[in-house]
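Work through the following exercises with the sequence and the coordinates side by side. Each task is followed by a solution that goes step by step.

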Amino acid sequence: MTTAKIFGLDRHRLTTDGEGVTTLVAFNGCPLRCKYCLNKTSWDMDKGRDYTPEMLFEEVKIDQLYFLATHGGITFGGGEPLLQKEFIKEFRAICGPQWQIVVETSLHVPFETVQEMNEVLDGYIVDIKDLNPDIYLTYTGKENPLVLKNLEWILQHGDPKRIKVRVPHIPEYNTDEDVAKSVERLKAMGVVEVDEFQYIIR
Amino acid sequence: MARGKQTCKILKEIRKQIAAENDIELVIEECTYQGDCLGTCPKCEAEVRYLEHELEKRQRMGKAAVVAGLSVGLLGPSQVALAQTPDTIPSRNDSIVDILDGYVVPKIQQSDVMLMGKIPMTSCYHVDPKRYRTVMDMFDFSGMRNLSVVGFDLEYPDRIENVDTDDYVNVLINNSLTFYVPQFEGGESDLLEFISQNLGKNADGNAYGDMEVAFTVEPNGKLSHIEIIKGVNEQLDAQVAALFKFMEWRPAIWEMKSEEKFPFACQCVQKLHFPMITH
């Protein structure tokens, strides 16, 4: 039986994580160690509660009418939701095709995972950090060629309008010029939904 | 609390739509609860369960249940508002407006509803974004005589036809006692809290800058003509426009010397500042 640790559920989010009324499901576990990560709880695999896809479905289905009426559904975040591919696939099998399933992801996951999950998902919110490999490495502790390969693949095998790429201004790590370069490169790759924003450091 | 109450209103609207579309009788009582609201409560949840039950009944009887996509328009980003370019919107400097406590109130807008209280309220204010023209019926307070139909071009506010503006303003001044500006329930702090909460996760950041949202608070408290005059970025603009679409405000009210109160449609501009916070 597939289980996953979930450290947060947030119902009735309105147009926040994609279309319609959504419930955010936050998984523990992330391959990155971003300096300004706001959900550092997700790094701790001892925290959170164990769920099976069935348990989660039972808990979130109370909002099914809202999901259906607004083309909303579940947004899996975290943490890195694509680390939980089996869980999400099983959840999709339970909830059916009408719920929208979106992932908030860094795409820092194996290429095969992205290929496998693409048909299960309705949309992506990709936190791309910065396309400059040095900045990415300094900020996340990991390298980014894999991320770019994954992004390129989903752009080619899905609807670019369903792939929102968030490009942050990261204090002390990148400049406006770096961000502009990232945005330019993303557009050249075929990204149409670019969301440039500022990290809030608390 | 503000976020919860507004979320509650939006969800209620969705329930109403589902009920109406499926001929389900759904009596929603006005919520009088004054404490913290999480956006839902046992009563709200019971209504959802009731709807589910009724829909299942209909399906068992071979009737179709109409739910899918029913309320998409309710929550989607307001593309209409975003499609309008900023230069089509009246600016704060237009000579036809007064600035009142941060709101821009077209001076000539306190019109028929206040004066007569009998005119269909939605007819008192209308903006045609293509022609930047405001048209309204104006009535003489004393004799309830239809003076004229007035049109003025926001680009050329001096070109006001068929009305003696001074007389009109005098009528307002002489017969009114108090003007209440429109207000988000709970005031500006609750408004800002509602927006920031609903803009969501922002787990690791947010856009920053100044935004200006123009909208009309209708007499029933609903907002219309929502337009982003000054945007921050496309995504944030769309989110904010979508949120405004569902807000309910206390409408503008003229209280007459007779103590009669007349809510009327009033255009407002809300400034929002999204700060860049660093350590």
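A residue is buried if 20 or more other C-beta atoms lie within 10 Å of its own, exposed if 12 or fewer do, and partly exposed in between, with C-beta atoms placed from the backbone. By that criterion, buried residues make up 34% of the 279 residues in chain B. The model is predicted, and local features are described at pLDDT of at least 70 and side-chain atom pairs at pLDDT 80 or more, while totals for chains, interfaces and linings use all residues. Residues are numbered from 1 along each chain as its sequence is written, and chains are lettered from A and ligands numbered from 1 in the order in which they are written.

**Exercise 1. Describe the make-up of each chain in terms of secondary structure, burial and contacts.**

Begin with helices (H or I, at least four residues) and strands (E, at least two), which are DSSP runs numbered from the N terminus. Chain A has seven helices and eight strands, and chain B has eight helices and 13 strands.

Next take burial, where 50% of the 202 residues of chain A count as buried, against 34% of the 279 residues in chain B.

Finally consider contacts, two residues being in contact if their C-beta atoms, placed from the backbone, lie within 7 Å. Of the contacts in chain A with a separation of 6 or more, 71% are between residues 24 or more positions apart; in chain B, 66% of the contacts between residues at least 6 apart in sequence join residues at least 24 apart.

**Exercise 2. Locate the nonpolar cores and trace the contacts of one central residue.**

A nonpolar core is a set of buried Ala, Val, Leu, Ile, Met, Phe, Trp, Tyr and Cys residues joined through C-beta atoms within 7 Å. The largest such core has 55 residues, and those with the most contacts inside it are A:Val25, A:Tyr124 and A:Val126. Apart from it lies another core, of 26 residues, which includes B:Ala214, B:Phe215, B:Ile228 and B:Leu243.

Now follow A:Tyr124, leaving aside its neighbours within four places in sequence: its contacts are A:Val102, A:Val103, A:Thr105, A:Ile154, A:Arg162, A:Ile163 and A:Lys164. In soluble globular proteins, nonpolar side chains tend to be buried together.

**Exercise 3. Identify a cis peptide bond and residues other than glycine with positive phi.**

Most residues other than glycine have a negative phi, and most peptide bonds are trans. A cis peptide bond, with omega about 10°, joins A:Gly78 and A:Gly79, and A:Gly79 is found in the loop between S4 and H3 of chain A.

For the backbone angle, A:His71 has a positive phi, near 60°, and its place is in the loop between helix H2 (64-70) and S4 of chain A. A:His71 counts as buried, since it has 22 C-beta neighbours inside 10 Å.

A:Glu172 also has a positive phi, near 75°, in the loop between strand S7 (163-169) and helix H7 (176-189) of chain A. With 13 C-beta neighbours inside 10 Å, however, A:Glu172 counts as partly exposed.
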